[in-house]
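Me: I would like to go through this structure with you. Please start with how its elements are assigned.

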Number of protein chains: 2
Amino acid sequence: MATLKYSRQREAIKEYLSHTKEHPTADTIYMRIREIYPNISLGTIYRNLSLLVEKGEIIRINGIDGSDHYDGNTQKHYHFLCKDCQRILDLEMDSIDHINDIANKNFPGEIEGHATYFYGRCEECN
Amino acid sequence: MATLKYSRQREAIKEYLSHTKEHPTADTIYMRIREIYPNISLGTIYRNLSLLVEKGEIIRINGIDGSDHYDGNTQKHYHFLCKDCQRILDLEMDSIDHINDIANKNFPGEIEGHATYFYGRCEECN
DNA sequence: TTAGATAATAGTAATTATTATTATAAACCT
DNA sequence: AGGTTTATAATAATAATTACTATTATCTAA
């Protein structure tokens with residue numbers, strides 16, 4: 001594979017994601033980075049997000065709503081979706097990897113993993 | 001809310017979903033129903049799928065890939081996605097609702113539930 | 001049963017999120 | 001610095017879904 005050339009646009013995206021606790025969409029990231037690079041293109045955002053996900057430097061969260069969200073925290077963790085304010089929060093919790101074994105009990109195939117998020121009301125909306 | 005008027009198109013969608021073990025997308029359903037009602041509109045498919053989901057007569061599976069899938073089996077169950085053949089299969093398994101409590105342990109908000117699917121290789125692809 | 005009211009449909013346009021294309025600009029190498 | 005290559009901005013294209021509207025089907029009650 002070709003070597004990845006430096007770009008300040010990509011660096012700014014990575015930097016922004018590593019400092020926010022929000023879990024922004026591509027569009028939100030676009031608006032934020034545009035404050036620094038006013039004529040950055042949405043295509044650049046999408047391409048670099050995919051590159052960073054491939055390199056394992058950020059995480060893509062999908063399936064929570066219509067659009068993908070991104071997370072600078074690459075440590076394995078679960079997410080919580082508040083049904084009121086729609087925010088995505090990080091969950092610090094014990095492993096639940098044993099659910100793979102529960103699922104595999106009566107299943108003839110091979111379960112490699114699971115995709116899970118939790119939902120409810122966050123502290124502030126409660 | 002206004003009363004729901006009968007329509008044979010909606011009935012055909014419900015009927016098809018109750019007899020298939022596939023977990024078709026709106027587009028697949030569209031192709032199947034068109035065999036019976038050749039000029040059914042895709043908009044009709046989408047609108048009726050949403051109505052049936054609201055009435056609790058079918059289930060919408062989202063977050064597995066780009067498009068939503070639908071399931072005529074309304075009993076609570078989990079799904080498995082084969083990474084090889086991309087099929088969605090039903091899982092018969094014990095409850096894992098206790099993961100809500102695990103998630104709630106260090107969380108200040110209120111966890112109401114979780115959305116989970118499992119992935120790996122199905123029997124036939126193994 | 002049939003006329004009037006209302007909801008559903010087909011056909012089409014619009015929207016949203018994302019990916020593809022391409023000419024120009026920035027980064028890298030020697 | 002000059003040449004090569006990758007990245008970018010700008011835009012077009014795509015895919016899934018929702019919105020709109022004139023016509024048709026269903027329902028209701030006389």
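Reply: A helix here is a DSSP run of H or I with at least four residues, a strand is a run of E with at least two, and both are numbered from the N terminus. Please note that the model is predicted.

Me: Which residue follows H3(A), and what is its phi?
Reply: Gly56(A) comes after H3(A), and its phi is positive, near 75°.

Me: How many residues does H3(A) have, and how far does it reach?
Reply: H3(A) has 13 residues and spans 18 Å from first C-alpha to last, close to the 18 Å expected at 1.5 Å a residue.

Me: Which of its residues are buried?
Reply: Thr44(A), Ile45(A), Asn48(A), Leu49(A) and Leu52(A) are buried in H3(A). Viewed down the axis, they fall within an arc of 130°, so they line one face of the helix. Their cover includes H1, H2 and E2 of chain A.

Me: On to H1(A). Which residues are buried there?
Reply: Arg10(A), Ala12(A), Ile13(A), Tyr16(A) and Leu17(A) are the buried residues of H1(A). They lie on the same side of H1(A), because their arc around the axis is only 160°. Arg8(A) and His19(A), on the other side, are exposed.

Me: Turning to chain B, where is Arg10(B)?
Reply: Arg10(B) sits in helix H1 (residues 8-19) of chain B. Arg10(B) is buried but has no salt bridge, and Glu11(B), the nearest side chain of opposite charge, is 5.6 Å away.

Me: Which side chain does it make a polar contact with?
Reply: The side chain of Arg10(B) makes a polar contact with that of Asn48(B), at 2.7 Å.

How values were computed:
Residues are numbered from 1 along each chain as its sequence is written. Chains are lettered from A and ligands numbered from 1 in the order in which they are written. This is a predicted model: local features need pLDDT of at least 70, side-chain atom pairs count only at pLDDT 80 or more; totals for chains, interfaces and linings use all residues. Side-chain values use heavy atoms; hydrogens and water are left out. Buried means under 20% relative accessible area, exposed over 50%, partly exposed in between (1.4 Å probe, protein chains only). Lys and Arg count as positive and Asp and Glu as negative; His and the chain ends are not counted. A salt bridge is a side-chain nitrogen of Lys or Arg within 4 Å of a carboxyl oxygen of Asp or Glu. A polar contact is a pair of N or O atoms within 3.5 Å; within protein, one must be able to donate a hydrogen and the other to accept it, and residues adjacent in sequence count only if both atoms are side-chain atoms. The arc is that of the directions from the helix axis to the C-beta atoms. The expected span of a helix is 1.5 Å times one less than its number of residues. Contact means heavy atoms within 4.5 Å.
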